[in-house]
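Please keep the sequence and the model side by side while reading the paragraphs that follow.

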Amino acid sequence: MKKILLPQSKKTKFVLLGSGTTLCNFYKLIIENGFPKPIIVTHPKKFHKRDQVLLKNTKNFTDLFEFAKIHNIKIIETNRLNDNTLIQKLLKLGCNTAFSISCRSIIGKEFLKSFENRVFNIHPSILPTERGAAVISWRIMNNKKYVAGTIHQIDEGIDTGDIVLQSKKSMIKQKQTVENYTIETETVYKKLLLEFLKMFKNQGFCKLKKQNEKYATYFPRLYSEFNGSIDWNWDSKDIDLFIRAFGFPYPGAFSFINGEKISILDANLEKIKDNFHPFTYGKVIQVKKNGSIKVITKNGFLDIKKVSIKGKILGPAKIIKVADTFYTPHDNLQNSKIKTMNIKDMKQPKKGVKIN
């Protein structure tokens with residue numbers, strides 16, 4: 001097992017790379033534990049807009065720029081994290097340790113070398129499983145009922161660096177929603193980050209454990225408006241999990257009725273003993289007085305309670321009738337499975353426009 005030497009805590013100046021609630025919480029933890037005030041580097045403000053719109057009504061979102069304003073923090077914005085000018089600037093500011101939290105740039109060889117490999121990341125899984133992005137959505141899809149976190153050293157791969165700390169927590173009792181999993185992940189993160197800081201204060205080194213490639217898995221980034229195509233031939237449980245994986249605060253999994261794209265934001269599964277013919281899958285068989293609709297799926301019914309059309313959220317009964325049928329074109333299904341979107345290609349919402 002390898003070790004990496006750490007600077008004394010009073011001489012350890014972090015540069016935090018990324019954004020989000022975890023980064024803001026870690027910033028405060030660093031100061032509370034007697035470390036020098038960190039520097040924050042993030043992607044350009046225009047690329048924060050999507051998160052600001054999608055996540056503003058969630059229980060676990062901190063706007064980095066609002067946080068910086070309240071605490072009088074100057075943020076460095078850049079989409080060129082590995083630029084030598086930036087690296088030299090950080091070194092001159094006294095930074096000697098870097099920590100990535102939801103950072104959207106690949107950290108390159110020169111950056112790692114400049115910080116003598118004291119560059120770390122926190123990832124929401126038990127690495128080497130679930131490397132990549134959109135971990136919580138993929139986990140819900142795969143019906144895994146836990147949250148987790150790993151602090152690891154960054155190398156030139158994607159989530160492949162040596163492990164420093166790990167933790168896992170069961171989610172058996174909580175409802176499988178993105179928001180619930182995100183909130184519980186934050187509790188795991190907080191404990192790991194505090195333990196990480198204690199290593200600097202008490203040990204002067206941290207042990208590094210090599211990842212076992214035998215157990216490695218990887219999942220790519222998801223973009224709801226592109227990857228959220230519902231296949232009505234799936235088992236009813238798989239459709240339910242898929243809708244949860246793309247549900248609030250994201251724009252929702254989607255399908256079509258009469259040529260209109262409809263995003264499904266909230267639905268419950270009702271299992272049945274009898275089966276329907278596959279020709280009926282996706283058909284609306286009941287419109288309820290409470291505004292929800294009942295749709296036939298394989299092995300059950302889907303009770304859809306809330307949908308979104310062109311950014312407007314409403315009860316489905318307002319625009320959907322009995323005998324209407326949800327369908328998703330073959331091209332949509334194929335493209336949503338085989339293609340991934342670059343973060344820069346994702347549409348940033350205009351001011352005042354709702355995504356979901």
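Which residues are exposed on the other side of helix 4? Thr 85 and Lys 92 are exposed there, where exposed means over 50% relative accessible area, buried means under 20%, and partly exposed lies in between, computed with a 1.4 Å probe on protein chains only. The buried residues of helix 4, which spans residues 84–92, are Leu 86, Ile 87 and Leu 90. Seen down the axis of helix 4, these buried residues fall within an arc of 100°, so they line one face of the helix; the arc is that of the directions from the helix axis to the C-beta atoms. Helices (H or I, at least four residues) and strands (E, at least two) are DSSP runs, numbered from the N terminus.

Before going further, note that this is a predicted model, in which local features need pLDDT of at least 70 and side-chain atom pairs count only at pLDDT 80 or more, while totals for chains, interfaces and linings use all residues. Residues are numbered from 1 along each chain as its sequence is written, and side-chain values use heavy atoms, with hydrogens and water left out.

Strand 8, residues 146–153, is mostly covered, since eight of its eight residues are buried. The covering applies to both faces: Tyr 146, Ala 148, Thr 150 and His 152 are buried on one side, and Val 147, Gly 149, Ile 151 and Gln 153 are buried on the other. Strand 8 has pairing partners, where two strands pair if DSSP finds at least two bridges between them. Strand 6 (residues 119–123) runs antiparallel to strand 8 and is joined to it by four bridges, with His 123 standing opposite Thr 150. Strand 9 (residues 163–170) also pairs with strand 8 in the antiparallel sense, over seven bridges, and here Ile 163 is the bridge partner of His 152.

Leu 302 is found in strand 16 and is buried, with a relative accessible area of 0%. The C-alpha atoms of Leu 302 and Lys 13, which are 289 residues apart along the chain, are separated by 52 Å.

Strand 16 is joined to strand 13 (residues 260–271) by eight bridges, the two running antiparallel, and Ala 267 stands opposite Ile 304 in this pairing. Strand 15 (residues 293–297) pairs with strand 16 in the antiparallel sense over five bridges, with Thr 297 opposite Gly 300. The hairpin of strand 15 and strand 16 has two residues between the strands, and Asn 299 takes a positive phi near 75° in it. Strand 17 (residues 312–314) is antiparallel to strand 16 and joined to it by three bridges, with Ile 309 opposite Lys 312. In the hairpin of strand 16 and strand 17, which has two residues between the strands, Lys 310 takes a positive phi near 50°.

The packing of side chains can be followed next. A nonpolar core is a set of buried Ala, Val, Leu, Ile, Met, Phe, Trp, Tyr and Cys residues joined through side-chain atoms within 4.5 Å. The largest such core has 69 residues, of which Phe 26, Phe 99, Phe 196 and Phe 326 touch the most other members. Helix 7 (residues 178–202) gives the most to this core, with 10 residues. A second, separate core of 17 residues includes Leu 17, Ile 76, Cys 95 and Ile 107.

What does a search of the whole structure find in the way of cavities of 30 Å³ or more? The search finds one, and about 70 Å³ of space lies in the largest cavity. On a 1 Å grid over the protein atoms alone, a cavity is a set of points where a 1.4 Å probe fits but cannot get out, and lining residues have an atom within 4 Å of a point. Grid points are joined across faces, edges and corners, and the volume is the space filled by probe spheres set on the points. Among the residues lining the largest cavity are Leu 17, Val 41, His 43, Cys 103 and Arg 104. Strand 2 (14–18) and strand 3 (39–42) are the elements that give two or more residues to this lining.

Note on methods:
1 Å grid on protein atoms, 1.4 Å probe; cavity = no way out; pocket = protein on both sides within 12 Å on 5 of 7 lines; lining within 4 Å.
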